[in-house]
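Subject: Structure handover

Dear colleague,

Here is the structure for your files. My notes follow below it, arranged by helix and then by topic.

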Amino acid sequence: MSFFACLAMLRISNMQQFTTEHLQLLYYIIGPLVLFFVDCYFTQEVITENEAFAYSFYEIDFIGTNLAFQKCLILCIARTQRSVSFTIGQFAPLTMVAAVTILKASFSYYTLLESRQGK
């Protein structure tokens, strides 16, 4: 995705005048990036809510409750020790850090290609 965004930015920067092709390339850049950022944002929200849910078990006043409830509480605490994580095809975690990394990489590729093109 970062390489595709880089090539589209390079193509836009090499055009002389504003045409409909500018808009097409902007849509090709913005569309997938917005979808990816929305996925990353909501994934981060799910992870945050999962952590809050896990910590909520520790706030329960279990003293004086029946034994079955206490055993169930211990089981729930044990299950929430591992946090939820989403990955991009077992390649990288799907978080806002990954989204920012993709943007940084695409801009780095763009500046590299732009500097090479000028020589």
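To begin with helix H1, its buried residues are Ser-2, Ala-5, Cys-6, Ala-8, Leu-10 and Ile-12. Please keep in mind throughout that this is a predicted model. Helix H1 covers residues 2-14, which makes 13 residues. The distance from its first C-alpha to its last is 18 Å, close to the 18 Å expected at 1.5 Å a residue.

Ala-8 is a residue of helix H1. Its relative accessible area is 5%, so Ala-8 is buried. Leaving aside neighbours within four places in sequence, Ala-8 is in contact with Leu-25 and Ile-29. Ala-8 and Gln-24 are 16 residues apart along the chain, and their C-alpha atoms are separated by 9.6 Å.

Helix H2

Helix H2 takes in residues 20-56, a run of 37 residues. At 1.5 Å a residue it should span 54 Å, and its end C-alpha atoms are 53 Å apart, so the two values agree. For Cys-40 the relative accessible area is 0%.

There is also a nonpolar patch on the surface, formed by Phe-18, Leu-23, Leu-26, Tyr-27, Ile-30, Val-34, Val-38, Tyr-41 and Phe-42. Together these residues have about 900 Å² of accessible area. One of them, Val-38, is placed in helix H2. Val-38 counts as partly exposed because its relative accessibility is 38%, which lies between the 20% limit for buried and the 50% limit for exposed.

Leu-73 is in helix H3, which runs over 67-79. With a relative accessibility of 7%, Leu-73 counts as buried. Not counting residues up to four places away in sequence, Leu-73 touches Phe-57, Ile-60 and Phe-62. From Leu-73 to Asn-14 the separation is 59 residues in sequence and 62 Å in space, C-alpha to C-alpha.

Two residues of the loop between H3 and H4 may be worth a look. Ser-83 is in this loop and is partly exposed, with a relative accessible area of 48%. Ser-83 and Asn-50 are 33 residues apart in sequence, and the distance between their C-alpha atoms is 7.3 Å.

The phi angle of Gln-90 is near 55°, which is a positive value in a residue other than glycine.

Helix H4

Helix H4 covers residues 96-118, and Ser-106 is found in it. Ser-106 counts as buried, at 3% relative accessibility. Ser-106 and Cys-6 are 100 residues apart in sequence, yet 5.0 Å apart in space, C-alpha to C-alpha.

Cysteines

How many disulfides does the structure hold? It holds zero. A disulfide is a covalent bond between the sulfur atoms of two cysteines. Cys-76 counts as partly exposed, at 24% relative accessibility, whereas Cys-40 is buried.

Regards

Note on methods
Residues numbered from 1 in each chain as written. Predicted model: local features only at pLDDT ≥ 70, side-chain atom pairs only at ≥ 80, totals over all residues. Heavy atoms only, no water. Helix = DSSP H or I, 4+ residues; strand = E, 2+ residues; numbered from the N terminus. Expected span 1.5 Å × (residues − 1). Disulfide = S-S within 2.5 Å. Buried < 20%, exposed > 50% of the residue type's maximum accessible area, 1.4 Å probe, protein only. Patch = residues over 30% accessible without salt bridge, like charges linked within 9 Å, V, L, I, M, F, W, Y side chains within 5 Å. Areas by Shrake-Rupley, 256 points an atom, 1.4 Å probe, with all protein chains shown as cover. Salt bridge = Lys/Arg side-chain N within 4 Å of Asp/Glu carboxyl O. Contact = heavy atoms within 4.5 Å.
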